[in-house]
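Hi there,

Here is the structure I promised to pass on to you. Have a look at it first, and then read my notes below.

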Amino acid sequence: MTDLPEDLRYTAEHEWVRRVAPTRVRVGITDYAQSQLGDVVFVQLPAVDTEVASGESIAEVESTKSVSEIYAPLAAKVVAVNEELDAGPEALNTDAYGAGWLFELELGDAAALDSAVGGLLDAAGYQGVIEG
């Protein structure tokens, strides 16, 4: 049904997680999520240096249809946000797994990140979520 990158991990809330460094991950919303939202018109991102708990609402994506909460996929510190989305929120629609990333999170050590990411869904698991 949906083309899901195999190298990513996913949440049941439709976020994707890509490891970009030993202790850092990049987070965005899935192509499925953006297709359900419709045209994205605004993104509210978390502040850098914010400590977040797993499952905590930390961002919002506003579309022509609705406003959706974005949840932290793991407990970590926000270390970067995609400031390009201020001027071009439509990147979530056009490149959900690339230019449409939302923020980066960092954990204290690689083993902790291994454990946290290991608890997320793989592509097949996420496919099961969206097929419901």
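Let's start with a sheet: three strands make an open one in the order 4-6-7, with antiparallel pairing. Helices (H or I, at least four residues) and strands (E, at least two) are DSSP runs, numbered from the N terminus, and two strands pair if DSSP finds at least two bridges between them. Strand 4 and strand 7 (67-71) are the edge strands with a single partner each, so one side of each has no neighbour in the sheet. On average, neighbouring strands here are turned by 25° against each other, direction ignored; the axes behind such angles are lines fitted to C-alpha atoms, for helices over the stretch in contact, and angles run from 0 to 180 degrees between N-to-C directions. Four antiparallel bridges link strand 4 and strand 6, and Q44 has E60 in strand 6 as its bridge partner.

Before going on, please note that this is a predicted model, where local features need pLDDT of at least 70, side-chain atom pairs count only at pLDDT 80 or more, and totals for chains, interfaces and linings use all residues. Residues are numbered from 1 along each chain as its sequence is written, and side-chain values use heavy atoms, leaving out hydrogens and water.

Next, K65. UniProt places "modified residue: N6-lipoyllysine" here, in an unreviewed entry; positions are given in the numbering used here, feature names are shortened, and annotations may be inferred rather than shown by experiment. K65 sits in the loop between strand 6 and strand 7. Is K65 buried or exposed? K65 is exposed, at 60% relative accessible area (buried means under 20%, exposed over 50%, partly exposed in between, with a 1.4 Å probe and protein chains only). Beyond its neighbours within four places in sequence, K65 contacts S35, Q36, L37 and G38 (contact means heavy atoms within 4.5 Å).

G100, in the loop between helix 3 and strand 9, counts as buried at 1% relative accessibility. Apart from neighbours within four places in sequence, G100 touches N82, L85, A91, L92 and D95.

Finally, the largest nonpolar core has 29 residues, and V25, V43, L74, L92, L102, F103 and L105 have the most contacts inside it. A nonpolar core is a set of buried Ala, Val, Leu, Ile, Met, Phe, Trp, Tyr and Cys residues joined through side-chain atoms within 4.5 Å. A second, separate core of 11 residues includes L4, Y32, Y97 and Y126.

Enjoy exploring!
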